[in-house]
Amino acid sequence: QVQLVESGGGLVQPGGSLRLSCAASGSILSVTDMGWHRQAPGKQRELVATITNRGNTNHADSVKGRFTISRDNAKNTVYLQMNSLKPEDTAVYFCNAQIMYQIHRWDDFWGQGTQVTVSS
């Protein structure tokens with residue numbers, strides 16, 4: 001079995017920073033793309049950022065210049081550094097990863113989500 005566990009969410013004031021972490025564990029043979037998504041109340045889940053196993057990144061326009069995705073391949077962990085947070089960043093943040101869990105068997109695994117609330 002494979003598990004993704006997020007941490008680092010919480011309540012922060014506008015303009016503040018948070019760092020989210022997501023660690024993958026279990027039967028992992030290989031990990032390719034990892035990413036972060038978010039879902040605000042009453043809205044659809046949206047892509048925040050992705051990163052390949054070679055470190056190539058992509059960030060949504062709404063977070064460019066404020067959020068930075070990174071990863072530690074040795075730890076199968078992806079991070080999201082969030083700076084200059086705004087109230088509209090309030091959402092549940094989910095990580096995902098493309099993981100080979102058996103020879104030639106891949107799947108897209110998701111974490112349970114971590115709440116980020118930006119409010120004064």
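**Notes on the predicted model: pocket, rings and a few residues**

1. The largest pocket holds about 180 Å³ of space. Of its 13 lining residues, Arg38, Ala40, Lys43, Glu46 and Glu88 are the closest to the centre. A pocket here is an open set of points on a 1 Å grid over the protein atoms alone, where a 1.4 Å probe fits, with protein on both sides within 12 Å along at least five of seven lines; lining residues have an atom within 4 Å of a point. The volume is the space filled by probe spheres set on the points, which are joined across faces, edges and corners.

2. A word on provenance: this is a predicted model, in which local features need pLDDT of at least 70 and side-chain atom pairs count only at pLDDT 80 or more, while totals for chains, interfaces and linings use all residues. Residues are numbered from 1 along each chain as its sequence is written, and side-chain values use heavy atoms, with hydrogens and water left out.

3. By class, the pocket lining has seven charged, four polar and two nonpolar residues. Asp, Glu, Lys and Arg count as charged, Ala, Val, Leu, Ile, Met, Phe, Trp, Tyr, Cys and Pro as nonpolar, and the others, Gly among them, as polar.

4. There is one aromatic pair. The ring centres of tyrosine 101 and phenylalanine 109 are 5.9 Å apart and the planes are at 85°, so the pair is edge-to-face (ring centres of Phe, Tyr or the six-membered ring of Trp within 6.5 Å; planes over 60 degrees apart for edge-to-face, under 30 for stacked, the rest tilted). Phenylalanine 109 is buried at 17% relative accessibility, whereas tyrosine 101 is partly exposed at 23% (buried is under 20%, exposed over 50%, partly exposed in between, with a 1.4 Å probe and protein chains only).

5. Two arginines sit over rings: arginine 19 is 4.1 Å from the ring centre of tyrosine 79, and the charged end of arginine 45 is 5.0 Å from that of tryptophan 110. The rule asks for NZ of Lys or CZ of Arg within 6 Å of the ring centre and within 35 degrees of the ring normal.

6. Threonine 77 lies in strand β8, residues 77-82 (strands are DSSP runs of E, at least two residues, numbered from the N terminus). Threonine 77 is buried at 8% relative accessibility, and its side chain reaches the backbone oxygen of lysine 75 at 2.9 Å.

7. Alanine 91, in strand β9 (residues 91-102), is buried at 2%. From alanine 91 to arginine 105 is 14 residues in sequence and 32 Å in space, C-alpha to C-alpha.

How values were computed: Helices (H or I, at least four residues) and strands (E, at least two) are DSSP runs, numbered from the N terminus. A polar contact is a pair of N or O atoms within 3.5 Å; within protein, one must be able to donate a hydrogen and the other to accept it, and residues adjacent in sequence count only if both atoms are side-chain atoms.
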